[in-house]
Amino acid sequence: MPNWGGGAKCGACEKTVYHAEEIQCNGRSFHKSCFLCMACRKALDSTTVAAHESEIYCKTCYGRKYGPKGVGFGQGAGCLSTDTGDHLGLNLQQGSPKPARPSTPNNASKFAKKMVDVDKCPRCGKSVYAAEKIMGGGKPWHKSCFRCAICGKSLESTNVTDKDGELYCKVCYAKNFGPKGIGFGGLTQVEKKE
């Protein structure tokens with residue numbers, strides 16, 4: 001039957017989808033507001049959608065529902081699975097037991113060491129993580145703390161100078177720590193001695 005005066009039907013709500021609000025996925029049309037994961041109702045886009053037949057999911061829910069199951073398969077990066085495999089009739093204690101790991105502080109994981117060894121910003125004293133780190137004067141700084149100590153101007157690698165562990169713009173550094181005398185430091189007139 002022809003579809004007079006409208007667009008395709010939405011794959012979620014079955015109402016007409018007009019071109020201005022249409023998102024296509026897996027040969028079907030959706031309203032932008034209906035383009036949601038069928039499990040968790042999270043909004044989807046072209047990079048986060050995973051389609052299975054006529055259903056759409058976020059990649060996390062798709063993995064949980066249709067991904068590999070069993071011992072040894074995680075539920076995504078960084079997840080800790082506490083599944084012992086008992087419901088599958090598996091006994092993980094079979095075979096030779098693994099030697100116990102010593103629980104000394106010197107045997108800390110790489111992650112734990114990174115969390116302990118996080119750099120501190122010299123300006124505010126808070127932890128500086130890789131995503132917000134700018135190096136200046138041999139020290140890590142937050143982007144928001146990477147400012148001139150005198151005028152507060154935001155600094156870049158092209159206009160930053162450091163002195164005694166503090167950062168300055170080139171103008172403030174020259175005024176406060178540069179050479180002084182005639183022709184330097186803003187002196188414009190020479191007093192004549194008579």
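This is a predicted model: local features need pLDDT of at least 70, side-chain atom pairs count only at pLDDT 80 or more; totals for chains, interfaces and linings use all residues.
1. **Overall make-up.** The chain contains 3 helices and 12 strands, and 21% of its 194 residues count as buried. Its accessible surface amounts to about 15000 Å², and carbon and sulfur atoms account for 54% of that area.

2. **The largest nonpolar core.** This core has 13 residues, and the members that touch the most other members are Cys25, Phe30, Phe35, Cys37, Leu44, Val49 and Ile56. Strand E6, which covers residues 55–58, supplies the largest share of the core, namely 3 residues. Apart from this core lies another one, made up of 11 residues that include Val128, Trp141, Phe146 and Leu155. As general background, nonpolar side chains tend to be buried together in soluble globular proteins.

3. **Phe35 and its surroundings.** Which residues does Phe35 touch, not counting those up to four places away in sequence? The list consists of Ile23, Cys25, Phe30, Lys42, Ala43, Leu44, Asp45, Val49 and Ile56. Phe35 has a relative accessible area of 3% and is therefore buried.

4. **Aromatic pairs.** The count of aromatic pairs comes to 5. One of them joins Phe30 and Phe35, whose rings are 5.5 Å apart centre to centre with 55 degrees between the planes, an arrangement described as tilted. Phe30 counts as buried because its relative accessibility is 2%, and Phe35, at 3%, is buried as well. A further pair, also tilted, is that of Tyr62 and Tyr66, with 5.4 Å from centre to centre and 45 degrees between the planes.

5. **The tyrosines of helix H1.** Tyr62 and Tyr66 both belong to helix H1, which spans residues 59–66, and their separation of 4 residues corresponds to about one turn of the helix. Together with Tyr57 they form one aromatic cluster.

6. **Salt bridge Asp119–Lys133.** A search of the whole structure finds 2 salt bridges. In one of them Asp119 pairs with Lys133, and the closest N and O atoms are 3.0 Å apart. The partners are 14 residues apart and link distant parts of the chain, with Asp119 in strand E7 (residues 119–120) and Lys133 in strand E9 (residues 133–136). Asp119 is partly exposed at a relative accessible area of 32%, and Lys133 is likewise partly exposed at 33%.

7. **Salt bridge Arg123–Glu166.** Arg123 forms a salt bridge with Glu166, in which the closest N and O atoms are 2.2 Å apart. Arg123 is placed in the loop between E7 and strand E8 (127–128), whereas Glu166 is in strand E12 (residues 166–169), so the pair ties together parts that are 43 residues apart in sequence. Arg123 counts as partly exposed because its relative accessibility is 32%, and Glu166 counts as partly exposed at 24%.

8. **Asn159, a buried loop residue.** Asn159 is found in the loop that runs between strand E10 (139–142) and strand E11 (160–163). Why does Asn159 count as buried? The reason is its relative accessibility of 15%, given that buried means under 20%. A polar atom of the Asn159 side chain lies 2.7 Å from the backbone nitrogen of Glu156. Leaving aside neighbours within four places in sequence, Asn159 is in contact with Lys153, Ser154, Tyr168, Cys169 and Lys170.

9. **Lys15, an exposed loop residue.** Lys15 sits in the loop between strand E1 (8–9) and strand E2 (16–17), and Lys15 counts as exposed because its relative accessibility is 58%. Its contacts, once neighbours within four places in sequence are left aside, are Ala8, Lys9, Cys10 and His31. The C-alpha atoms of Lys15 and His31 are separated by 8.8 Å, and the two residues are 16 residues apart along the chain.

Methods:
Residues are numbered from 1 along each chain as its sequence is written. Side-chain values use heavy atoms; hydrogens and water are left out. Helices (H or I, at least four residues) and strands (E, at least two) are DSSP runs, numbered from the N terminus. Buried means under 20% relative accessible area, exposed over 50%, partly exposed in between (1.4 Å probe, protein chains only). A polar contact is a pair of N or O atoms within 3.5 Å; within protein, one must be able to donate a hydrogen and the other to accept it, and residues adjacent in sequence count only if both atoms are side-chain atoms. Contact means heavy atoms within 4.5 Å. A nonpolar core is a set of buried Ala, Val, Leu, Ile, Met, Phe, Trp, Tyr and Cys residues joined through side-chain atoms within 4.5 Å. Accessible areas come from the Shrake-Rupley method with a 1.4 Å probe; for residues, only the protein chains shown count as cover. Rings of Phe, Tyr and Trp (its six-membered ring) pair if their centres lie within 6.5 Å; planes under 30 degrees apart count as stacked, over 60 as edge-to-face and the rest as tilted. A salt bridge is a side-chain nitrogen of Lys or Arg within 4 Å of a carboxyl oxygen of Asp or Glu.
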